[in-house]
Amino acid sequence: MWAKGIVQALVPYGRQARELPEDLRQYNAPDDMSLAHISQTDMNRLWHAAATLSRDDCFALRMGQAFSSPTSQLLGLASRSSETASAAVQRLVRFIQVFSTQVQLYSVEDEYHLTVYFEPNGAAHPLQIEALVSRCVTTWKELDTGNLPLIMEVRLGDEMDKRRDECEHILGTRVRLGCKRIAVRLNRRALQVPLPSRDAFLLKRLDASLTDMLEDLPNVDFAEQVKQRIRVLLSEREVSEDLVATPFNVSPRHLRRKLSESCTTYEKLLDEVRMELAIKLIQEHRLNLGRIAFELGFLDPSSFTRAFRRWTGMSPTAFREQGFGKSESPLPV
């Protein structure tokens with residue numbers, strides 16, 4: 001769902017799927033991919049490749065506004081059917097993972113505001129979170145009754161102050177950059193206003209459907225625990241399926257079966273962790289590329305270069321020379 005949306009968002013820029021790395025072009029296929037699982041590695045590579053092709057610092061915000069899928073429409077309908085904007089926001093907080101498993105939402109109230117925070121799951125790409133913020137802002141704007149402004153401020157993470165005006169133009173509200181936590185601040189008074197579109201009959205059935213969808217999602221918690229174990233073993237430069245399985249008191253065969261239930265594999269998780277650490281180590285500028293290859297368990301630098309090109313579409317040398325530093329965060333760190 002998201003992969004297709006990212007590829008389709010390139011069309012207004014005059015770019016085409018054939019300009020993506022070859023193995024990522026499949027996500028532009030006309031087939032129904034709603035039950036398919038796409039690895040975090042491929043999602044991050046796709047975000048990076050699409051943003052690079054668009055040459056737009058606000059690609060994710062625009063994509064999030066334009067992105068509409070049956071699932072997002074279902075969430076929007078549930079929001080508009082809620083009793084108040086407050087109930088609509090909490091409904092989205094509860095069911096957001098039906099729309100994207102890469103984020104968790106939680107809210108904090110004070111006397112005047114309710115602030116909704118967007119917490120990434122695992123190694124979600126920063127652009128994925130921006131696109132989700134943009135989609136949520138679009139959904140919540142539909143709840144504005146016109147009496148009081150609902151959305152007061154959007155907080156984003158990067159420090160590219162040159163794009164502030166464009167961010168505010170896209171989102172239609174004040175934007176603060178350089179924030180440690182991504183969030184949307186809402187007007188607490190506006191949240192209490194009854195919605196003219198509320199529909200208790202429809203809402204009861206929508207809640208039941210969304211609850212079923214939420215319960216049917218794959219369990220990613222175990223996969224995240226395995227990834228953390230792989231990170232530890234890589235830091236000790238000794239990683240194997242047997243060693244990964246040991247603290248879980250399961251055999252490698254049982255480990256594979258449990259990961260299959262989470263729609264992933266040991267090989268995919270190892271690949272994702274290596275990619276995340278490679279990006280981090282290159283951005284830190286402390287180690288040469290040969291040492292990074294060694295730290296990640298590659299037999300030789302050429303093997304590392306091939307893997308890195310598969311992840312990002314460019315060589316480690318080109319990635320470093322193009323200045324993808326920490327402030328830009330093109331891939332998760």
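## Salt bridges across the chain

Let's start with the charged side chains: the count of salt bridges comes to 21. Keep in mind as you look around that this is a predicted model.

One of these pairs is aspartate 207 with arginine 91, where the closest N and O atoms sit 2.8 Å apart.

Next, have a look at arginine 231, which forms a salt bridge with glutamate 276; here the closest N and O atoms are 3.2 Å apart. The arginine 231 end is partly exposed, at a relative accessible area of 22%. Glutamate 276, on the other hand, counts as buried, with 9% relative accessibility.

Helix α13 also supplies aspartate 271, the partner of arginine 310 in helix α15 (residues 301-312), so this pair ties together parts 39 residues apart in sequence. For arginine 310 and aspartate 271, the closest N and O atoms are 2.9 Å apart. Arginine 310 is partly exposed, with a relative accessible area of 38%, while aspartate 271 counts as buried at 17% relative accessibility.

## A salt-bridge network

Salt bridges can also join up into a group. Which residues are linked in a network of salt bridges? They are Glu153, Arg155, Arg174 and Arg176.

## Strand β2 and its neighbors

Now for some strands. Strand β2 (residues 113-120) has 6 of its 8 residues buried, so the rest of the structure largely encloses it. Strand β1 (residues 103-109) runs antiparallel to β2, and 7 bridges join the two. Together, β1 and β2 make a hairpin, with 3 residues between them. To find a spot where they pair up, go to serine 107: its bridge partner in β2 is valine 116.

β2 has another partner too. It pairs with strand β5 (residues 182-187) in the antiparallel sense, this time over 6 bridges. Here you can look for phenylalanine 118, which stands opposite isoleucine 182 in β5.

Cysteine 167 is in no disulfide, and the nearest cysteine sulfur, belonging to cysteine 58, is 3.9 Å away. Cysteine 167 counts as buried, with a relative accessibility of 0%.

What about cysteine 179? Its sulfur is 11 Å from the closest cysteine sulfur, the one in cysteine 167, and that is too far for a bond. Cysteine 179 is buried as well, with a relative accessible area of 13%.

The largest cavity holds about 50 Å³ of space. Its lining is made up of Ser72, Leu75, Gly76, Leu92, Ile96, Phe99, Arg135, Cys136 and Thr139. Which elements give two or more residues to that lining? They are α4 (70-80), α5 (85-99) and α6 (126-141). Sorted by class, the lining of the largest cavity has 5 nonpolar, 3 polar and 1 charged residues.

The second largest cavity contains about 40 Å³ of space. Around it you'll find Ala85, Leu143, Asp144, Thr145, Leu148, Leu150, Ala190, Val193 and Leu195. By class, this second lining comes to 7 nonpolar, 1 polar and 1 charged residues.

Conventions
Residues are numbered from 1 along each chain as its sequence is written. This is a predicted model: local features need pLDDT of at least 70, side-chain atom pairs count only at pLDDT 80 or more; totals for chains, interfaces and linings use all residues. Side-chain values use heavy atoms; hydrogens and water are left out. Buried means under 20% relative accessible area, exposed over 50%, partly exposed in between (1.4 Å probe, protein chains only). Helices (H or I, at least four residues) and strands (E, at least two) are DSSP runs, numbered from the N terminus. Two strands pair if DSSP finds at least two bridges between them. A disulfide is a pair of cysteine sulfur atoms within 2.5 Å. On a 1 Å grid over the protein atoms alone, a cavity is a set of points where a 1.4 Å probe fits but cannot get out, and a pocket is an open set with protein on both sides within 12 Å along at least five of seven lines; lining residues have an atom within 4 Å of a point. Grid points are joined across faces, edges and corners, and a volume is the space filled by probe spheres set on the points. Ala, Val, Leu, Ile, Met, Phe, Trp, Tyr, Cys and Pro count as nonpolar, Asp, Glu, Lys and Arg as charged, and the others, Gly among them, as polar. A salt bridge is a side-chain nitrogen of Lys or Arg within 4 Å of a carboxyl oxygen of Asp or Glu.
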